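Visitor: I am new here and would like a short tour. Could you show me the structure before I start asking?

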Amino acid sequence: MEHVVKALQEIVGPENVSDAKPICEAYVTRAIMDVSSKAPAIVVRPKSVEEIQAVLKLANEKKIPVVPHSGGLSGGEATPTREGSILLDLRRMNKIIEVNTNARYMVVEPGVTSAQAWKHMQENHPEYRPGIPDGAPPSATIVGDHLDRGFHFLSTKYGPAADAVLGLEVVLPTGEVVRTGAGALPTAKWFYRWMFGPDLTGLFLGSQGTLGVVTKMAVKIFPMPKLRDVTAFGASDWKYLIEPCLEVLKTESIDLAQGGNYHLATTRRARYQWPPIPKPKVLPTVWMNFELGAESKEELENVKKRINEILKRYQSQYGEANLFEWKLDVRNIVARLTKPNRISVPYAGHKGGGLLFITWYMPWQDSGTFCEAAEKLMTKYKVSPVVWLAAVDHGRQALVMPIVLFDPKSPEEFKTVEALDQEMTEQFLSMGGIPYRPNLKAHAPMAMSKSLGYYDLLKRIKLAVDPNGIMHPGRLRLSEEEEKA
Amino acid sequence: MTYLEKFKEDAYNCLHCRLCTFTWAWPNEKGIWPKGSFQPTCPSGEKYKFEAYFGGGKSWLARAVLEGRVDIKDPAIVDILFACPTCGSCQQQCTLEEPEVGYHHRIMSLIEALRADCVKAGSGLPGKQKAFGVHISKEHNPYMELHKDRLSWLPSDIKLPEKAETVYYVGCTSAYRQKELAKATVEAFKKANVDFTILKDEWCCSSPLLRTGQWETSWVSAKDVAQHNVNEAQKTGANTIVTTCSGCYRAWKKDYTEEYKDLLNANHNFQVLHTTELLENLLKNGELQPKSSVKMRVTYHDPCHLGRHMGTYDPPRNLLKAIPDIEFVEMPRTRENAWCCGSGGGVKSGYPDWAVEISVERVKEAEQLGVEAIVSACPFCERNLSDAIGKYGSKLKVYDVVELLIKAL
């Protein structure tokens with residue numbers, strides 16, 4: 001590898017390349033989106049598109065795996081699956097290139113964090129806000145979250161973060177630079193996701209770094225409402241929560257709807273107690289928050305009134321003990337409405353540190369069944385049954401996210417996590433769910449093998465774009481070789 | 001058994017969320033984030049950029065060491081561990097805590113334990129760090145000065161009793177480098193009629209040794225050093241130790257009695273106060289009355305060892321505000337979010353140029369406020385900020401709070 005290091009140093013400068021073991025090991029993250037994570041052999045910190053082109057050309061020539069890494073907040077998903085990889089740490093590329101408040105988009109480099117984007121908008125264009133993740137720390141990057149189809153704080157209203165992408169600049173594995181969307185034409189602005197032909201922007205979204213390195217991304221920005229508030233439903237069981245919430249979501253007036261079971265709140269302080277602590281009186285068994293935004297008091301009150309009418313209608317059917325308004329105190333409301341939020345990692349606390357999000361998409365009306373199934377399965381594996389639920393695109397889809405907490409010091413607990421994930425994947429696939437960010441061992445192979453022509457097409461695309469298979473090999477299992485492995 | 005083993009939980013508790021990489025200052029009532037929020041906070045990470053230099057990266061590196069994938073003797077680990085002023089900002093920003101069981105993620109302890117393992121393995125200690133360790137064992141100070149000169153700053157007309165209620169623990173930096181501060185402190189104590197004395201045979205507080213992993217070596221023993229000081233202080237019959245140096249303050253108040261209690265076996269029952277705490281008490285009791293005008297627009301730099309390490313933020317500010325005509329303004333990165341001056345954790349001796357570089361960033365931050373002076377409450381900060389001003393060619397002046405206060409008494 002010594003000659004490769006030398007060549008890379010010539011491209012990006014010696015201070016931006018390291019093959020030192022302690023440097024490389026510090027990028028490992030066996031948590032968050034995947035517990036499989038290997039240290040890279042070399043870390044490279046490029047500053048420009050040209051440097052990335054040169055690195056990818058070299059890697060192609062030498063057939064060395066390359067893994068792009070912006071904020072690293074996808075954890076195991078953003079680190080190599082193979083020994084001997086080059087990790088591209090993209091944090092030096094952190095410029096906000098353009099903000100257009102008429103066409104309402106911003107163009108950013110991969111190292112721009114949510115915090116940076118939020119503050120930039122607040123200081124320069126306070127009437128608009130970027131779509132930043134809800135529940136990930138503000139160290140998460142705009143590019144990472146949108147590229148990974150993340151859940152941002154307006155996803156209930158506008159869909160997954162990827163839906164807000166209006167165009168990309170990508171360095172392909174072979175070193176060529178392509179632009180997608182209207183930005184593909186040098187004379188056009190980044191105002192439109194489509195060019196002629198199919199949606200090539202979408203090709204890269206969700207690709208988990210397997211098709212190239214995104215060097216610019218145009219994303220929508222959204223109006224900042226004058227007034228905001230939160231209201232919440234509590235229920236004694238999932239079956240009393242889902243349908244009333246769907247009715248609320250169908251009004252298409254909710255900014256963000258997300259909730260979960262009481263373990264979501266109690267497990268932060270009760271880790272590794274088994275069985276889990278009983279439900280505290282102050283918490284409902286399950287709940288759903290609705291974050292609201294409006295331009296006037298009247299508009300806000302009207303939305304609340306509609307929500308309340310739906311609540312009353314279902315209360316008469318279910319009884320007030322089974323469905324009720326959960327009165328949040330001011331502190332809770334302020335905490336919910338403060339963006340960016342800091343509530344990202346409350347579960348990785350004392351005596352543990354292991355955390356894996358296993359997230360699934362399904363139609364909203366089925367989400368209660370998935371939540372219940374997740375709780376049962378986690379209980380079977382003696383894992384605290386922490387489940388988070390959120391609505392996407394006005395409840396056309398739901399996200400069910402079992403949050404698996406484990407002790408990373410214990411190899412046995414890693415095995416438990418993997419076994420749980422495997423069984424949950426089998427069950428959830430049979431129930432009609434789809435994995436949100438398919439991980440290496442369970443989701444990708446099982447979901448891919450069942451797809452109707454989708455997997456074959458994806459593999460053909462991968463082969464065409466990345467003939468030597470250098471980009472993040474192992475992710476999505478996009479080659480015959482990986483399938484066999 | 002390695003020193004790191006004790007902090008295994010902390011190594012594994014890090015999720016790698018990167019919250020440790022920037023400041024967090026909560027928004028105001030209108031939801032506007034202040035200037036000091038989301039700003040660079042880690043001098044080491046900002047300089048060297050690779051993940052290993054940030055707090056989270058160090059936690060995952062510790063895991064690799066514990067799991068045998070990284071050798072503590074790997075030469076590449078030295079800069080990662082030692083090019084860090086252990087300012088504690090990563091730990092401050094980290095949200096891993098369980099107040100109910102008194103737990104907060106201990107990145108700082110983790111770094112110091114890794115350093116001690118590194119030194120134990122015969123590695124580490126860049127620049128002059130080992131040399132000052134050796135010198136502490138011989139002359140009881142890290143400045144290559146002679147022990148016999150330790151009290152050369154003390155004006156000959158000042159006579160101190162053998163026994164007193166309070167010991168003014170001068171510290172090496174004030175004794176050998178910032179002598180004006182030592183004089184000003186004595187003057188302030190005299191004016192306020194404080195019943196105090198100075199140790200006849202004061203040694204280094206041991207903080208430089210603890211911070212650089214020189215815990216139990218063949219050339220110096222942090223335990224011997226700490227125990228000597230406690231024994232000397234006990235001879236005076238005092239009940240209170242007062243320090244002007246924030247590093248000494250942490251050593252006496254936290255390292256001797258909590259953090260390194262087992263290692264040092266130098267536990268004591270003294271009340272430990274920083275000079276600013278004692279003077280603030282005197283101010284509140286009316287025993288100290290700043291009357292003379294000091295017309296100056298100033299800002300305050302929080303020393304890491306006083307602020308983030310010990311949670312003391314208000315006494316120095318209250319003293320400044322009590323000085324007639326002082327105009328006091330805060331820097332954007334202040335209190336818990338203060339940018340480090342760069343001198344601590346062995347950086348001044350291990351990486352002297354970079355230490356000043358860190359301080360230049362702080363000086364520039366202060367300059368933007370249009371102030372005449374940057375005030376601190378630690379001679380080590382004062383010294384490094386002065387070096388930065390000299391190198392950068394700034395017109396700012398640097399004072400310790402006590403030095404300004406004395407002008408008003």
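Visitor: In which sense do E1(A) and strand E2 of chain A pair?

Guide: Welcome! Please keep in mind that this is a predicted model. Strand E2 covers residues 42-44 of chain A, and two bridges link E1(A) to E2(A). The sense of the pairing is antiparallel.

Visitor: Which strands of chain A are the edge strands?

Guide: Start from the order of the open sheet, which is E1-E2-E4-E3 in chain A, with mixed pairing. An edge strand here pairs on one side only.

Visitor: Which elements give two or more residues to the side of domain 1 of chain A that touches domain 4 of chain A?

Guide: The domain assignment places domain 1 at 2-89 and domain 4 at 443-484 of chain A. Their centres, taken over C-alpha atoms, are separated by 21 Å, and nine residues of domain 1 are in contact with seven residues of domain 4. The elements you ask about are H3 and E3 of chain A.

Visitor: How many residues of the side of chain A that touches chain B are nonpolar, polar and charged?

Guide: Between the chains, 39 residues of chain A are in contact with 37 residues of chain B. Helices H2 (21-25) and H4 (114-124) of chain A each supply at least two residues of that side of chain A. By class, the side of chain A divides into eight charged, 14 polar and 17 nonpolar residues.

Visitor: Are H15(B) and H19(B) roughly parallel or roughly antiparallel to each other?

Guide: H15 (residues 314-322) and H19 (residues 401-408) of chain B have axes 10 Å apart and pack at an angle of about 25°. Among the residues that meet are B:Leu319 and B:Leu320 in H15(B), with B:Leu404 and B:Leu405 in H19(B). The contact has six nonpolar, no polar and no charged residues. Angles under 35 degrees count as roughly parallel, so H15(B) and H19(B) are roughly parallel.

Methods
Residues numbered from 1 in each chain as written. Chains lettered and ligands numbered in written order. Predicted model: local features only at pLDDT ≥ 70, side-chain atom pairs only at ≥ 80, totals over all residues. Axes fitted to C-alpha atoms, helices over the stretch in contact; angles between N-to-C directions. Helix = DSSP H or I, 4+ residues; strand = E, 2+ residues; numbered from the N terminus. Parallel < 35°, antiparallel > 145°, perpendicular 65-115°, else oblique. Contact = placed C-beta atoms within 7 Å. Nonpolar A, V, L, I, M, F, W, Y, C, P; charged D, E, K, R; others polar. Pairing = 2+ DSSP bridges. Domains from an automatic or database assignment.
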